[in-house]
Amino acid sequence: MPHFTIEYSANLDDRLDIGAACEVVRKAAVETGIFPLGGIRVRAVKCEHYAIADARQDYGFLDMVLRIGEGRDLPTRKKAGEQIFHALSRHLDPVFASSKFALSFDMQINDKDTSWKRNNIHDALKAEAAHG
């Protein structure tokens, strides 16, 4: 963990490089210093079917959810969340300037008793670091 899931309206394809937005989120997560590098995931899902407000077709949205494991206090979570949100929001300034657009971000904490994972990326990163 952390795992970011971005859902976005398909009409953003001509206004936004979603791959670059994912990289902005990944980099901002790393820069918080509170997440293990090997656990960071950012994925984006284009929503072909959606309805917004009064159904005008030029409205767009990007909704991001972050799932994290337990163990971080509220001030730490808020600081990290604000840092990530501000980085993404700045990246999306051109979209806000050129269109009607909604951005949202929510953080959820996974209960360790009902969350299962298998990941060998942590070990690979440690081995790479040990061998230069």
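This is a predicted model: local features need pLDDT of at least 70, side-chain atom pairs count only at pLDDT 80 or more; totals for chains, interfaces and linings use all residues.

E70 has 42% relative accessibility, so I put it down as partly exposed. Partly exposed covers what falls between the buried limit of 20% and the exposed limit of 50%.

Which residue does the side chain of E70 meet in a salt bridge? I found K112, with 3.9 Å from N to O. K112 comes out at 63% relative accessibility and so counts as exposed, because exposed means over 50%.

Next I checked where the two partners sit. E70 is in the loop between β3 and α2 (74-91), while K112 is in the loop between β4 and α4 (121-130). The pair therefore ties together parts that lie 42 residues apart in sequence.

**Other charged pairs**

How many salt bridges does a search of the whole structure find? I got 6. A reminder to myself: side chains of opposite charge can pair when their charged atoms come close.

I then looked at D13 and K46, whose side chains meet in a salt bridge at 2.7 Å, N to O. This pair also links distant parts of the chain: D13 belongs to the loop between β1 and α1, K46 to strand β2, and 33 residues separate them.

My last pair was R15 with D14, another side-chain salt bridge, at 3.9 Å from N to O. Here R15 is partly exposed, with a relative accessible area of 25%, whereas D14 counts as exposed at 70%.

**The sheet**

With the charges noted, I turned to the strands. In what order do the 4 strands of the open sheet lie? I read β2-β1-β3-β4, with mixed pairing. The edge strands are β2 (41-47) and β4 (101-109), because each pairs on one side only. Neighbouring strands in this sheet are turned against each other by 15 degrees on average, ignoring direction.

Strand β3 (residues 60-68) runs parallel to β4, and 9 bridges join the two. One residue I traced was D63, whose bridge partner in β4 is S104.

Then I asked which strands helix α1 (residues 18-32) touches as it packs on the sheet. They are β1 (3-9), β2 and β3, and the direction of α1 makes about 150 degrees with that of β1.

**Stepping back to the whole chain**

I counted 4 helices and 4 strands in the protein chain. Along the sequence the pattern reads β-α-β-β-α-α-β-α.

The C-alpha trace spans about 50 × 35 × 25 Å along its principal axes. Of the 132 residues, 35% count as buried. I put the accessible surface at about 8,200 Å², with 52% of that belonging to carbon and sulfur atoms.

Finally I looked at contacts between residues at least 6 apart in sequence, and 83% of those join residues at least 24 apart.

Note on methods: Residues are numbered from 1 along each chain as its sequence is written. Side-chain values use heavy atoms; hydrogens and water are left out. Axes are lines fitted to C-alpha atoms, for helices over the stretch in contact, and angles run from 0 to 180 degrees between N-to-C directions. Contact means heavy atoms within 4.5 Å. A salt bridge is a side-chain nitrogen of Lys or Arg within 4 Å of a carboxyl oxygen of Asp or Glu. Buried means under 20% relative accessible area, exposed over 50%, partly exposed in between (1.4 Å probe, protein chains only). Accessible areas come from the Shrake-Rupley method with a 1.4 Å probe; for residues, only the protein chains shown count as cover.
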